[in-house]
Amino acid sequence: MADAVKMDAPKLKAKDFKSDQEVRWCPGCGDYAILAAVQSFLPELGLEREKIAFVSGIGCSSRFPYYLNTYGMHSIHGRAPAIATGLATSRPDLSVWVVTGDGDALSIGGNHLIHALRRNVNLKILLFNNRIYGLTKGQYSPTSEPGKLTKSSPMGSVDAPFNPLSLALGSEASFVARTLDSDRAHLKDVLRAAAEHEGSAFVEIYQNCPIFNDDAFEVLKSPETRDMALIRLEDGEPIRFGSEGGEQVVVQSGYGLQVKPADEVDPADVVVHRSDIDDPAYAFALSRLSGTVLDHTPIGVFRSVRKPTYDGQVRSQVEEAASGVDRAAALGGLMHSGDTWTVL
Amino acid sequence: MNTVRQLDRVVIRFAGDSGDGMQLTGDRFTAETAKLGNDLSTLPNFPAEIRAPAGTLPGVSSFQIHFADSDILTPGDQPEVLVAMNPAALKANLRDLKPGGIIIVNTDEFTKRNLKKVGYDDSPLEDHTLEDYQVIEVQLTSLTVAALAEYEIGKKDAARSKNMFALGLLSWMYSRTTEVTEEFLRKKFTKKPQIAEANVAALKAGWNYGETAESFAVQYEIPPATLPAGTYRNVTGNTALAWGVLASGVASGLPLFLGAYPITPASDVLHELSKHKKFGVTTMQAEDEIAAAGAALGAAWGGALGITTSSGPGVALKSETISLGVSLELPLIVIDVQRAGPSTGMPTKTEQADLLMAMFGRHGEAPVAVLAPQSPSDCFETMLEAARMALQYRTPVMLLSDGYIANGAEPWKLPDLAELPDLGVEFATEPNATDASGEPTFLPFQRDPETLARPWAVPGTPGLQHRIGGIEKADGTGDISYDPANHDHMVRTRAAKIAGIDVPDLAVDDPDGEAEVLVLGWGSTWGPIGAAVRGLRDRGIHIARAHLRYLNPMPANVGEVLGSYKKVVVPEMNLGQLALLLRGNFPSADVIGYNKVRGLPFTSNELQDALEEVVKNG
């Protein structure tokens with residue numbers, strides 16, 4: 001959140017953040033759960049509603065701003081990070097959030113996403129990743145698994161997918177996290193950490209599309225599989241997961257990380273998670289533990305480091321230059337500077 | 001003793017390799033000329049390549065200045081004096097020179113090798129190529145090096161000062177003083193006093209050479225022009241635009257936000273504004289043209305005056321964002337410094353072929369206001385007008401400058417800043433309606449009955465939280481609406497808002513009222529058309545003229561004006577874009593296009609011929 005945003009808490013509740021608009025996602029859409037989690041989290045910001053602005057692009061997820069009683073803009077496909085950059089840079093008093101999807105952020109808007117992240121603009125970017133194009137009725141997306149059968153890939157998609165967290169880390173993001181639509185407590189924890197972060201915060205939210213890509217993340221949710229697939233990252237804790245009798249740990253391996261059965265590893269060799277490591281290589285290695293196959297999927301805060309923000313630096317340059325300047329007088333001075341002559 | 005001859009006007013072109021410093025030479029000659037009180041107009045012409053191979057035709061850079069003892073409108077059709085620093089400069093510019101004109105050549109550069117580079121088998125100085133001209137041969141390089149022998153600088157650095165030698169020589173020929181340039185050089189090279197003094201010495205050596213060498217029998221004087229009283233400066237269009245942006249900030253009291261991506265010939269607006277952060281202007285060099293427009297729109301949503309600058313290819317990329325601006329009904333100023341297209345086209349050359357893109361280059365019914373400055377200094381006021389329209393009507397506005405205006409310069413009588421318009425905006429701070437249960441509520445699309453503008457409630461305003469977006473909105477509430485009647489109503493309302501923008505009537509210049517032909521232009525053709533009309537009237541030919549600054553909406557009296565003349569000639573540096581609009585809107589007018597797309601401004605001579613043809617033969 002920007003420096004100037006006040007944190008003295010008005011006592012608002014989740015319902016205060018509901019707008020009067022009827023929510024129109026498909027029944028069972030993961031977006032409902034995310035909306036409910038966000039509405040119940042927003043009071044924690046301690047801000048009046050008018051100090052919060054949500055900007056979205058195009059796609060199912062991008063309807064989000066309509067359902068929040070804050071300021072909101074539903075913009076154009078892929079451009080929300082650019083528009084939000086303009087707002088955040090000129091308005092340090094606002095808490096600015098971007099809601100986007102895998103097609104919006106990673107395909108048509110990929111350029112704006114990476115540049116917002118490398119600049120470290122004070123934006124909280126929530127990427128709802130359902131690995132499919134929902135609004136246009138079911139084409140493969142830049143995060144769909146290879147071979148995916150869709151209307152536009154009847155013989156299977158041959159597109160190699162992005163790993164959104166790897167991309168964010170490669171874009172010099174200062175805050176990178178992942179969470180699940182179905183785990184409200186975890187989702188709120190991650191939102192809280194993102195909100196507290198100064199600079200760009202990138203949060204990938206795995207979100208189920210019941211119509212075009214149902215159960216894409218079921219392996220992370222089903223009681224039968226989740227313990228062996230889901231890795232909950234906790235700062236300062238060794239990375240352990242797995243069900244009883246099948247405990248797993250994460251250890252260093254070559255230039256990266258790998259999962260090993262706990263009983264094959266000296267406990268001293270288990271990697272202890274730290275999100276504040278300056279070198280992004282560790283977080284990147286974590287992001288590579290899973291790809292389109294979700295067998296070992298870390299969730300939580302991968303990386304959170306302090307870096308100067310773009311908007312903060314831009315404003316301090318302008319403030320320094322403009323301090324105490326009478327603009328009208330300065331304009332006269334500028335126009336009469338250099339070579340001038342007078343005709344009588 | 002030299003003879004001094006009085007002239008009323010001269011056109012000089014300095015030409016050399018792009019590394020020879022011709023733009024600086026021209027700029028300094030301009031400053032000296034302005035100081036002397038002549039009216040003037042300048043046109044730089046440089047290659048798109050930053051450093052094309054030395055001595056080649058693509059590497060030639062030139063600067064033309066027209067100055068006179070009366071007011072003038074163009075940089076001149078044909079130079080009467082050509083300074084050619086090498087064979088390439090001679091070859092590239094010779095065909096433009098007036099027969100009988102003066103050529104000053106740097107003979108040191110006329111080596112076999114340099115001649116061969118540009119395809120001269122024999123030196124044009126020794127055959128008949130130049131027999132129609134007065135050729136003055138000067139060993140510019142070696143004279144400069146000799147003059148700087150006592151300075152502790154290398155021969156190469158000494159030779160680089162030859163442009164100052166040339167400037168000194170021309171300053172003598174045309175009776176300019178060199179003090180302004182000396183002062184400039186000492187300031188420019190504050191940290192390298194040795195270089196400063198060497199340049200000053202080269203300048204003086206050139207001046208003295210003119211006075212003593214026998215090749216120069218005649219010195220010329222061009223008396224000052226009689227211009228309206230006031231303080232003047234020379235200004236390029238891009239600088240005037242940037243200062244217009246600063247003035248819009250002063251006049252509106254709003255913070256300024258420029259989103260831009262570097263592109264020729266618009267980048268200088270970004271550079272200029274980046275220097276002036278003390279005016280509360282934020283400049284963002286965005287990752288692309290789309291982001292530049294998006295960030296400006298985002299800042300506008302937040303209550304800033306949002307501006308994005310580009311040229312044709314970049315404006316094409318911004319199109320979707322401009323349409324969003326139309327739908328959101330937020331102020332956004334889009335500056336298109338037009339260049340020759342399509343695609344990369346000729347980036348450093350001028351054209352007016354983006355008019356129809358500005359008018360219609362969007363999806364859906366997405367009208368915006370469009371206006372165009374007519375000369376470099378006019379960019380200042382046109383920018384203020386663009387800001388007025390954007391802020392008052394909450395709409396994107398397209399301002400169409402072009403490469404000729406952007407880089408060309410002319411004296412500008414500095415405006416009285418006390419007379420800046422009041423562009424102050426009232427943001428919405430209170431509910432503007434009551435809901436069904438009688439509670440106060442805010443309707444983001446409840447319009448001002450007069451301007452049809454919607455309220456501008458910036459994020460952060462307590463109690464007015466609302467959502468806006470590109471989806472069609474219900475009139476008043478702004479809620480998402482797919483209602484057919486509502487969409488029809490909203491499309492028509494947005495169109496009516498733009499059509500209803502208050503613009504002044506078109507002024508017609510028809511001194512004796514006997515003209516049957518009207519010449520109607522827009523944008524940078526103002527100067528050449530004006531010079532052509534003057535030429536025709538001097539010969540007793542009746543012709544009326546008018547120039548459109550407001551292209552959308554057009555002034556209310558345009559139809560009436562067109563109807564008052566038998567024929568209307570519309571010169572444009574495109575294939576007839578304004579003509580198409582006029583024929584569509586005013587089918588009874590007899591509109592005749594005069595169109596050229598050579599990347600160069602019209603000459604007043606060709607326009608005179610074309611207009612005379614219509615006047616005489618219809």
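Biologist: Hi! Which residue in strand 11 of chain A is the bridge partner of F175(A)?
Modeller: In strand 11 of chain A, F175(A) has S304(A) as its bridge partner. Helices (H or I, at least four residues) and strands (E, at least two) are DSSP runs, numbered from the N terminus.

Biologist: Before I go on, how should I read the numbering and the model?
Modeller: Residues are numbered from 1 along each chain as its sequence is written, while chains are lettered from A and ligands numbered from 1 in the order in which they are written. This is a predicted model, in which local features need pLDDT of at least 70, side-chain atom pairs count only at pLDDT 80 or more, and totals for chains, interfaces and linings use all residues.

Biologist: Back to strand 11 of chain A: in which sense does it pair with strand 5 of chain A, parallel or antiparallel?
Modeller: Antiparallel, over four bridges between strand 5 (residues 175-180) and strand 11 (residues 297-304) of chain A. Two strands pair if DSSP finds at least two bridges between them.

Biologist: What sheet do they belong to, and in what order do the strands come?
Modeller: It is an open sheet of nine strands with mixed pairing, in the order 7(A)-11(A)-5(A)-6(A)-4(A)-3(A)-1(A)-2(A)-19(B). Strand 7 (230-232) of chain A and strand 19 of chain B are at the edges with a single partner strand each, so one side of each has no neighbour in the sheet. On average, neighbouring strands of this sheet are turned by 20 degrees against each other, direction ignored. For such angles, axes are lines fitted to C-alpha atoms, for helices over the stretch in contact, and angles run from 0 to 180 degrees between N-to-C directions.

Biologist: How many bridges link strand 2 of chain A to strand 19 of chain B?
Modeller: Three, with strand 2 (residues 71-74) of chain A and strand 19 of chain B pairing in the parallel sense. In that pairing G72(A) stands opposite R467(B).

Biologist: Now strand 4 of chain A. How many of its residues are buried?
Modeller: Six of the six residues of strand 4 (residues 124-129) are buried. A residue is buried if 20 or more other C-beta atoms lie within 10 Å of its own, exposed if 12 or fewer, and partly exposed in between, with C-beta atoms placed from the backbone. In a regular strand the side chains alternate between the two faces of the sheet. Here both faces are covered, with K124(A), L126(A) and F128(A) on one side and I125(A), L127(A) and N129(A) on the other.

Biologist: Which strands does it pair with?
Modeller: Strand 3 (residues 95-101) of chain A runs parallel to strand 4 over five bridges, and V98(A) has I125(A) as its bridge partner. Strand 6 (residues 201-206) of chain A is also parallel to strand 4, joined by six bridges; there F128(A) partners I205(A).

Biologist: Changing topic: how many residues does each chain put into the contact between A and B?
Modeller: Chain B gives 58 residues and chain A gives 53. Two residues are in contact if their C-beta atoms, placed from the backbone, lie within 7 Å. On the chain B side, helix 11 of chain B supplies the largest share, nine residues. That side divides into 32 nonpolar, 17 polar and nine charged residues. Ala, Val, Leu, Ile, Met, Phe, Trp, Tyr, Cys and Pro count as nonpolar, Asp, Glu, Lys and Arg as charged, and the others, Gly among them, as polar.

Biologist: Last one: where are the cis peptide bonds you flagged in chain B?
Modeller: One runs from T264(B) to P265(B), with omega near 0 degrees, and P265(B) is in the loop between strand 10 and helix 10 (267-274) of chain B. Another joins N552(B) and P553(B), with omega about -10 degrees; P553(B) is in the loop between strand 23 (550-552) and helix 18 of chain B.
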